[in-house]
Amino acid sequence: MTQSDSEVHPAVESAAEDIATMEIRGAATIADAAAEALAVEAEESEAETPAEFRATMRAAGRRLVETRPTAVSLPNALRYVLRGMGGESVEGLRSSILDSAAEFRRELDQAQDNLGRIGANRLRDGDTVMTHCHSTDALSCVEHALDQGKEIHAIVKETRPRKQGHITARWLREMDVPVTLIVDNAARRYLDQTDHVLVGADSIAADGSVINKIGTSGLAVNARERGVPIMVAAQTLKLHPDTMTGHTVEIEMRDEREVLTLDDEADIGDVTVENPAFDVTPPRYVDAIVTERGQFPPESIVTLMRELFGDQQGGEPWET
Ligand code: RI2
């Protein structure tokens with residue numbers, strides 16, 4: 001059977017569903033899963049002509065890109081892999097996708113490692129970090145600080161509504177870091193005991209704004225008021241190229257059932273629930289954006305973006 005333009009491989013469908021339902025979550029992990037799904041699509045495609053193969057890959061890209069709107073790592077991963085597609089035959093096209101997906105995944109790992117090494121230099125022996133949500137980029141900084149022989153403590157915010165702070169707490173405990181778990185509303189009180197607020201990012205805009213899990217902006221404003229530095233760990237994969245030309249980053253609105261169960265609703269009565277997954281922290285509340293290319297004051301991130309994206313022109317590689 002030949003796959004039509006609208007059909008995608010079951011592995012792509014399942015990755016897309018897992019990303020949409022947050023079985024697969026976290027900006028870097030989503031990017032990795034998307035690249036892996038494209039590789040499976042290429043490997044197992046039954047396309048008989050180069051045109052058919054290209055159409056199949058575009059359809060896979062479209063299915064994946066529509067899953068979650070805010071983390072730019074997803075379209076950036078798809079662009080990287082699909083722009084690497086080249087060749088005159090189906091076999092040539094297939095191997096180009098497999099090569100670029102493998103290269104992307106290798107670089108992703110390497111970038112997180114390099115970022116962690118740089119971020120760790122900001123942490124001193126005995127420091128306490130306060131975390132929000134769960135970011136593998138942020139935890140890479142802690143891991144490297146431990147490798148450097150530093151003792152690090154963590155105050156972990158629960159992070160409603162999905163309590164992803166629990167994942168952070170588990171990872172930190174696996175690294176033997178002492179963890180104090182707090183509810184989100186307790187954050188300001190515990191800033192007095194915090195040396196760094198350490199968060200990740202889903203997207204970074206050209207003006208240095210940080211788009212991250214809802215609650216980051218309030219935490220940053222409180223931290224600034226208390227004189228606690230705010231460090232954002234974000235690989236360059238999180239830099240949002242469209243924001244260089246004035247586009248804004250769409251904030252994902254998630255299901256009201258993440259906030260209010262049917263039972264709770266029956267008890268309370270009919271209410272409107274709003275559940276934005278992310279917010280925007282203005283650059284003036286951020287001290288440093290740590291990437292694998294070094295650390296940057298947020299206002300200067302646009303220079304790095306021009307260097308990385310300056311020559312990218314034209315439409316999206318998943319568009320027909
Ligand atoms: P890493 C997550 O989003 C969190 O907002 C986290 O800070 C960000 O992705 C970056 O994660 P979600 O997918 O790439 O949990 O650093 O909504 O792992």
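This is a predicted model: local features need pLDDT of at least 70, side-chain atom pairs count only at pLDDT 80 or more; totals for chains, interfaces and linings use all residues.

Me: What does the side chain of Arg 117 meet in a salt bridge?

Reply: The partner is Asp 113, at 2.8 Å from N to O. Asp 113 is partly exposed at 30% relative accessibility.

Me: How far apart are Arg 117 and Asp 113 in helix α5?

Reply: Four residues, so about one helical turn separates Arg 117 from Asp 113.

Me: How many salt bridges does the structure hold?

Reply: There are 21 salt bridges.

Me: Which residue forms a salt bridge with Arg 68?

Reply: Glu 252 does, and the closest N and O atoms are 2.9 Å apart.

Me: Are Arg 68 and Glu 252 buried or exposed?

Reply: Arg 68 counts as buried at 8% relative accessibility. Glu 252 is buried too, with a relative accessible area of 7%.

Me: Which residues do salt bridges with shared partners join into one network?

Reply: Arg 68, Arg 162, Glu 252, Arg 254 and Glu 258.

Me: Back to the loop between β2 and α7. Where is the cis peptide bond?

Reply: From Arg 160 to Pro 161, with omega near 5 degrees. Pro 161 has its place in that loop between β2 and α7. Lys 163 is found in the loop as well, and its phi is near 55 degrees, a positive value in a residue other than glycine. Lys 163 counts as partly exposed, at 36% relative accessibility.

Me: Why point those out?

Reply: Because most residues other than glycine have a negative phi, and most peptide bonds are trans.

Me: What is phi of Met 22?

Reply: Near 70 degrees, again positive in a residue other than glycine. Met 22 lies in the loop between α1 (10–20) and α2, and it counts as buried at 6% relative accessibility.

Me: New topic, the sheet. What is the strand order?

Reply: The order is β3-β2-β1-β4-β7-β9-β10, in an open sheet of seven strands with mixed pairing. β3 (179–182) and β10 (294–296) are at the edges, each with a single partner strand, so one side of each has no neighbour in the sheet. From one strand to the next, the twist averages 25 degrees.

Me: In which sense do β1 and β2 pair?

Reply: Parallel, over four bridges, with β1 covering residues 128–131 and β2 residues 153–157. Thr 131 has Val 156 in β2 as its bridge partner.

Me: What lies across β1, β2 and β3?

Reply: Helix α7 (residues 165–174), running at about 160 degrees to β2.

Me: Now rings. How many aromatic pairs does a search of the whole structure find?

Reply: One. Tyr 80 and Phe 104 form it, and the pair is tilted: 5.3 Å centre to centre and 55 degrees between the planes. Tyr 80 is in helix α4 (residues 73–83) and Phe 104 in helix α5 (residues 90–120), so to speak of the chain, the pair links distant parts, 24 residues apart.

Me: How many residues of α4 are buried?

Reply: Nine of its 11, and α4 is mostly covered. Among the buried residues are Leu 74, Leu 78, Arg 79 and Val 81. What covers them includes α2 (27–44), α3 (50–65) and α5.

Methods: Residues are numbered from 1 along each chain as its sequence is written. Side-chain values use heavy atoms; hydrogens and water are left out. Rings of Phe, Tyr and Trp (its six-membered ring) pair if their centres lie within 6.5 Å; planes under 30 degrees apart count as stacked, over 60 as edge-to-face and the rest as tilted. Helices (H or I, at least four residues) and strands (E, at least two) are DSSP runs, numbered from the N terminus. Buried means under 20% relative accessible area, exposed over 50%, partly exposed in between (1.4 Å probe, protein chains only). Contact means heavy atoms within 4.5 Å. Two strands pair if DSSP finds at least two bridges between them. Axes are lines fitted to C-alpha atoms, for helices over the stretch in contact, and angles run from 0 to 180 degrees between N-to-C directions. A salt bridge is a side-chain nitrogen of Lys or Arg within 4 Å of a carboxyl oxygen of Asp or Glu.
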